[in-house]
Amino acid sequence: MKVVLFCGGYGLRMRNGASDDLPKPMAMVGPRPLIWHVMRYYAYFGHTEFILCLGYGAHHIKDFFLNYEETTSNDFVLRGGRTELLSTDIASWTITFVQTGIESPIGERLRRVRDHLDGDEMFLANYADVLTDAPLPEMIDRFARRDAGASMMVVPPQSSFHCVDLGEDGLVGGITPVAELPLWENGGYFVLRQEVFDHIPENGDLVADGCTRLAKRGRLVAHRHRGFWKPTDTVKERAALDAAYARGDRPWALWERDGAAAADATGGGDGAGTGAA
């Protein structure tokens, strides 16, 4: 299935300073940017046709892929001054780069790449700034069996704050962590049908317009995920993921698990997950 990635936002809360003009998906986690980790996730499940909805800082994303260095994240042999790769990341990928406007809302970005979907009835979409270990095949299969226009992955609230139950007299009746409330947040991973375009107006939003209108018609389903899910809306969140990567704590890197399992099976690994990343 084709994968539409929204990667044209400013990412203001991710900036390290006035001179930092990188779009959010290009923020680094380990030796690669966020968008690469998201794409590796989809590629792990066999989805290697990507449509990038570009906007702000598009040249950074284009330059990254046009000058991609496979040796950064793959083993290789240097023989006679020539590099022989032992594995590759993106050689089998098809990536379509589409400028969808600097100020365009997510829904409008999706509208502007519709022709690149080649009429496929179902496709995937993602904000390109959230990492997860969610079981994508299960998400797709469940949606495929449903009569619905869109599926949205939802996750428990991520806030560390507490909600306070107040009485009219000002007395506190209880304190509950937000994460324990019976609520769900949009997790940013979508499985969509062409029907979604019928509900997104010009300059509209995917969630506020498309998904909301589908929900009112009983045409939106949710996939609950309680496993690993981390957004990168702020510098602090990106730094936490980068630190986790450095210490080998990478639950989103499903492609590494296969490499570690193979090494263990042959007695060549310690189970630390040291495959290509």
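**Ground rules.** I worked on a predicted model, where local features need pLDDT of at least 70, side-chain atom pairs count only at pLDDT 80 or more, and totals for chains, interfaces and linings use all residues. Residues are numbered from 1 along each chain as its sequence is written, and side-chain values use heavy atoms, with hydrogens and water left out.

**The sheet.** I took helices (H or I, at least four residues) and strands (E, at least two) as DSSP runs numbered from the N terminus. Two strands pair if DSSP finds at least two bridges between them. I looked up the strand order of the open sheet. Its seven strands run β7-β4-β1-β8-β13-β10-β14, with mixed pairing. β7 (94-99) and β14 are the edge strands; each has a single partner strand, so one side of each lacks a neighbour in the sheet. The twist averages 25° from one strand to the next. For this and other angles, axes are lines fitted to C-alpha atoms, for helices over the stretch in contact, and angles run from 0 to 180 degrees between N-to-C directions.

I then checked β10 (residues 150-155) against β13. They run antiparallel and are joined by five bridges. M152 stands opposite F190 in β13.

**Helices on the sheet.** Contact here means heavy atoms within 4.5 Å. Helix α1 (residues 34-44) lies across β1, β4 (49-54), β7, β8 and β13, at about 165° to β1. Helix α4 (residues 136-144) lies across β8, β10, β13 and β14, at about 55° to β13.

**A hairpin.** β11 (residues 162-166) and β12 (residues 172-177) pair antiparallel over five bridges. V164 has I175 in β12 as its bridge partner. Five residues separate the two strands of this hairpin, and G170 in the turn has a positive phi of about 90°.

**Aromatic rings.** I counted rings of Phe, Tyr and Trp (its six-membered ring) as paired if their centres lie within 6.5 Å; planes under 30 degrees apart are stacked, over 60 edge-to-face, the rest tilted. The search of the whole structure gave 15 aromatic pairs. One of them is F6 with Y127, tilted, at 6.3 Å centre to centre and 45° between the planes. F6 is in β1 (residues 2-7) and Y127 in the loop between β8 (122-126) and β9 (130-132), so this pair ties together parts 121 residues apart in sequence. I call a residue buried under 20% relative accessible area, exposed over 50% and partly exposed in between (1.4 Å probe, protein chains only). F6 is buried at 4%; Y127 is partly exposed at 22%. F65 and Y68 are stacked, at 6.5 Å and 10°, and both are buried. Y41, Y42, Y44, F45 and Y189 form one aromatic cluster.

**Charges over rings.** The test was NZ of Lys or CZ of Arg within 6 Å of the ring centre and within 35 degrees of the ring normal. R193 sits over F143, 4.4 Å from the ring centre. R250 sits over Y245, at 3.7 Å.

**Single residues.** H223 is in β14 (residues 220-224) and is buried at 3%. Beyond four places in sequence, its contacts include E138, R142 and M152. Q194 is in the loop between β13 (185-193) and α5 (206-216), buried at 13%. Among the residues Q194 touches beyond four places in sequence are R114, D120 and F123. G210 lies in α5 with a relative accessible area of 0%. Leaving out residues up to four places away in sequence, G210 touches H199, I200 and D205.
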